[in-house]
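User: I would like to go through this model with you. Could you begin with how its elements are assigned?

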Amino acid sequence: MCAAVEFLVVASNSVSSACASTCTCMLSSRLVDITGMPLGTHNDGRRAGAFFSVLACAGALKAPVQQRNIKALYVTSSFPKDTMPIDVMVEHQLKTLGGPNVELRAVVFDNTPPWLSDADLIAWPKTFEMQRRGLEKLHKGKVSAKLPRVTVKPMDYEAVDDPAFLAPFFHVDAMDKTGAVLAQKSLRSMFGTTGEHAQMLSNFFAMTHFMRECMSPENDDVDLCLYFDPDMLMYGNTTGILELATATFEDNPELVVVSPPFGCYRDRWVKKDPVSGACPSRSAIVSSRHVIAQRRRLVPKMPITVPSIGKSYWEGVMTEALGRAGRGQILCGQEFFIVHPPSRYQKNKRNQTMPLMQLLRLLVPPEAAMCSEPGACSAEVQATLGTKELVRRFEAGRIVADKQTLYNKGCGCCADMMPSAERIGERPSSSRAGRPGSPRGSGARPTTHRSTGW
């Protein structure tokens, strides 16, 4: 007989903390056998109490994810021409991803391709310097003491000429016209380094570094491997994305990779399960902007056999390789969502949006003394101050997130922000804006009205 049975019968209105460990025994036997109570009128109430305690135990078999510890590896990469300072954005992302039951370890790659020309260096010297300073601050731990230590690693581009570099991650199943298997090629020979192909190569190289970091033996104890582009902005409400992802993976055994929700995914009928904490999800393409991988499912699949590499970005290769069942997107945007800055995928709506740098200039707080006079601040100072203000508004929930303020033509989805000077300049009102401070656990929600945002 289960050890907790007598306790459960006596105190039938409560469930012992030992309930979960004894549930299997209780559920695997008949109620009369478990309680040891013979049939009879005087035992009906006691048997009923035991029965409902057994039902409570059934729910306890699947403890809410929020009560478990989650170990996650966070990876991002800094590009010299990025507009938003890497240290500000990494601090924002780690802060939003963290939580009381989350253990994060963080790696930031310095992604400086050797084919950047002298013209690039001349055109963007202060931006390069801004990102270099940011990486140095991360390396020296000069960010919030409450955040995990960040390891900064260089990306060794000599590997783009080595065919063996790809071997742990991908096997290209290439054959010639006669059916003979072709030798594996290097990334440089597959992509080249001119035009957009150079960008595709840089992206593929960075994402394979993420895969290598994920499958490293030192991360064998990790549950989730995360990659987020450093310009991704995050809003977390009551439940963190890592808790949502963990529960969603448990509910979908075939899923290998999931994406976070977009800002317009806040339909009332799309809610997380109150017991398991899982969110509804749907099949979706893989995006290298934001990847959440279940490590124990991803690593055994490598090397992943693919028909070709060199014709698309990493996300295109992975979308095809994982198939519909292996990739998905979480839909509970009322719990957490992610937003990309204005992008090239909004060209058909130019009159409804603005470039990122213009947005950051408008966001520089008027009280910033160093920028009080026109032309007093460099573009990099404006980018830093504007990014900090944008992050502050996201973390405070003072944002407008819906299908009118978010748009990406490429995916036909509400992924990229379309800023408005009117929204940026408006003052928040206590009746319309999300409450200031950290929204996680406070119940703060992003406003759906026009208020201080972007």
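Analyst: Helices (H or I, at least four residues) and strands (E, at least two) are DSSP runs, numbered from the N terminus. On that basis the protein chain has 15 helices and 14 strands. Residues are numbered from 1 along each chain as its sequence is written. This is a predicted model, in which local features need pLDDT of at least 70, side-chain atom pairs count only at pLDDT 80 or more, and totals for chains, interfaces and linings use all residues.

User: What is the mean pLDDT of the protein chain?

Analyst: The mean is 82, and 78% of the residues reach 70 or more; pLDDT is the predictor's confidence in each residue, from 0 to 100.

User: Where does pLDDT stay under 50?

Analyst: It stays under 50 over residues 1–41 and over residues 50–61. With contact meaning heavy atoms within 4.5 Å, the model has 55 contacts beyond four places in sequence for residues 1–41 and 23 for residues 50–61. Where pLDDT is low, the predicted coordinates should not be read in detail.

User: How many of the 454 residues, as a percentage, count as buried?

Analyst: The share is 51% of the 454 residues, where buried means under 20% relative accessible area, exposed over 50% and partly exposed in between (1.4 Å probe, protein chains only). Among contacts with a separation of 6 or more, 80% are between residues 24 or more positions apart.

User: Turning to packing, what is the angle between helix 9 and helix 12?

Analyst: Helix 9 (residues 196–215) and helix 12 (residues 314–322) pack at about 55°, with their axes 9 Å apart. Axes are lines fitted to C-alpha atoms, for helices over the stretch in contact, and angles run from 0 to 180 degrees between N-to-C directions. The two helices are therefore oblique to each other, since angles under 35 degrees count as roughly parallel, over 145 as roughly antiparallel, 65 to 115 as roughly perpendicular and the rest as oblique.

User: Which residues meet there?

Analyst: From helix 9, N203, F204, M207 and M211 meet W314, V317 and M318 of helix 12. By class, this contact has six nonpolar, one polar and no charged residues; Ala, Val, Leu, Ile, Met, Phe, Trp, Tyr, Cys and Pro count as nonpolar, Asp, Glu, Lys and Arg as charged, and the others, Gly among them, as polar.

User: Which residues of helix 12 are buried?

Analyst: W314, V317, M318, T319 and L322 are buried in helix 12. Just after this helix, G323 takes a positive phi of about 75°.

User: And C214, is it buried or exposed?

Analyst: C214, in helix 9, counts as buried because its relative accessibility is 0%. Its contacts, leaving aside neighbours within four places in sequence, are L73, N219, C225, R295, L298 and V299. The C-alpha atoms of C214 and L73 are separated by 7.2 Å, although the two lie 141 residues apart along the chain.

User: How do helix 13 and helix 14 cross, and at what angle?

Analyst: The axes of helix 13 (residues 356–363) and helix 14 (residues 379–396) come within 7 Å and cross at roughly 75°. That makes helix 13 roughly perpendicular to helix 14. By class, their contact has seven nonpolar, three polar and three charged residues.

User: One last topic: which peptide bond is cis?

Analyst: The bond from M302 to P303 is cis, with omega near 0°. P303 is found in the loop between helix 11 (295–298) and strand 10 (304–306).

How values were computed
Heavy atoms only, no water.
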